[in-house]
Amino acid sequence: MSEDPTPVSDSPFRSEPSARDEAPQFVLPLVVRIEKAEPPARTDALETAARAVLTILADERSAGEGEWAGAMRDWQDARIRKVVRRARGAEWRRAEALPGITVTGKSAEVRVFPPVPLDGWPKDLARLQVSGTDLDDPEPPVDADPAAPVLWLNPDLGMSAGKAMAQAGHAAQLAWWELSDEERAGWHDAGFPLAARTADPARWSELTGIRLPLVRDAGFTEIAPGSCTVVADHPALRREPHGAGRAASTRSE
């Protein structure tokens, strides 16, 4: 449970049902470009999706009186649902024409859009496929930089690439919420460096016991409700006052 200043009975980190479930529900759409001839690498797609979430959270249009601020507040006041869809060719070009931000990785392109109501997707996004989004890594990913944030995936869960991308985005968002304004600014200015890796069983056991932000799935798709999917291991959260007394968790989709 987080020590976020939000009242405990209405915390965005709660896993059990709360008043937030009774609020209008919004979803953050993410679209990954998957061309038949050149699909992105799985790990790069996860990392790019996480950076896309952080990018829209930090965007000036998402704050204050910005054009996306109302939708961002409504979304974060309820469950922080995210859905990853895939597009190629003309589908991707139509998606790019809608308001949003495209984030590019080494091989992946992910476009993130302002939150929309669960039943209010734009037509050009609603028609895109969700299920079956899977990708591979041509080569095993290199070891993560221990000085940079790492999103550690549960080694005991099998998730499609689309599901894992959404979970990585959740974990990055939980880390963002836990950071101070100064720490957020530093991460932003550095270009949101991060890695997504599958933890080995021993490390996973350690990570889930040291009060880092932890994503718990709501069980809407693919995996059982309450499953722990990703730990956000940001170096700043291992230091006081964060790491000693804060453990954020949320349900996700």
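The following legends describe close-up views of a predicted model.

Residues are numbered from 1 along each chain as its sequence is written. In this predicted model, local features need pLDDT of at least 70 and side-chain atom pairs count only at pLDDT 80 or more, while totals for chains, interfaces and linings use all residues; side-chain values use heavy atoms, with hydrogens and water left out.

**Figure 1. Overall architecture of the protein.** The secondary structure comprises 8 helices and 10 strands; helices (H or I, at least four residues) and strands (E, at least two) are DSSP runs numbered from the N terminus. Of the 253 residues, 54% count as buried, where buried denotes under 20% relative accessible area, exposed over 50% and partly exposed in between (1.4 Å probe, protein chains only). Among contacts (heavy atoms within 4.5 Å) between residues at least 6 apart in sequence, 78% join residues at least 24 apart.

Figure 2. Helix 1 covers residues 42–58, and its end C-alpha atoms lie 25 Å apart. This agrees with the 24 Å that its 17 residues should span at 1.5 Å a residue, the expected span being 1.5 Å times one less than the number of residues. Helix 1 is largely enclosed by the rest of the structure, because 15 of its 17 residues are buried.

**Figure 3. Packing of helix 1 against helix 5.** Two packed helices are described by the angle between their axes and the distance between the axes. Helix 1 and helix 5 (residues 161–178) pack at an angle of about 40°, and their axes are 8 Å apart. Axes are lines fitted to C-alpha atoms, for helices over the stretch in contact, and angles run from 0 to 180 degrees between N-to-C directions. Helix 1 is therefore oblique to helix 5; angles under 35 degrees count as roughly parallel, over 145 as roughly antiparallel, 65 to 115 as roughly perpendicular and the rest as oblique. The crossing of the two helices is right-handed, a term used if the near helix is turned clockwise from the far one, whereas left-handed means anticlockwise by less than a right angle. Residues of helix 1 that make the contact include Ala45, Ala49 and Val53, and those of helix 5 include Ala164, Ala168 and Trp176.

Figure 4. Side chains of opposite charge can pair when their charged atoms come close. A salt bridge is a side-chain nitrogen of Lys or Arg within 4 Å of a carboxyl oxygen of Asp or Glu, and the count by this rule is 8. One of them joins Glu109 to Arg33, with the closest N and O atoms 3.0 Å apart. Glu109 belongs to strand 4 (residues 109–112) and Arg33 to strand 1 (residues 26–33), so this pair links distant parts of the chain, 76 residues apart. Glu109 is partly exposed at 23% relative accessibility, as is Arg33 at 29%.

Figure 5. Arg197 and Glu47 form a salt bridge with an N to O distance of 2.8 Å. The partners are 150 residues apart, Arg197 lying in strand 7 (residues 195–198) and Glu47 in helix 1. Both Arg197 and Glu47 are buried.

**Figure 6. Two loop residues with positive phi.** Phe192, although not a glycine, has a positive phi of about 55°. Phe192 sits in the loop between helix 6 (181–189) and strand 7 and is buried, with a relative accessible area of 4%. Arg211, also not a glycine, has a positive phi of about 60°. Arg211 sits in the loop between helix 7 (201–207) and strand 8 (214–216) and is partly exposed, with a relative accessible area of 39%.
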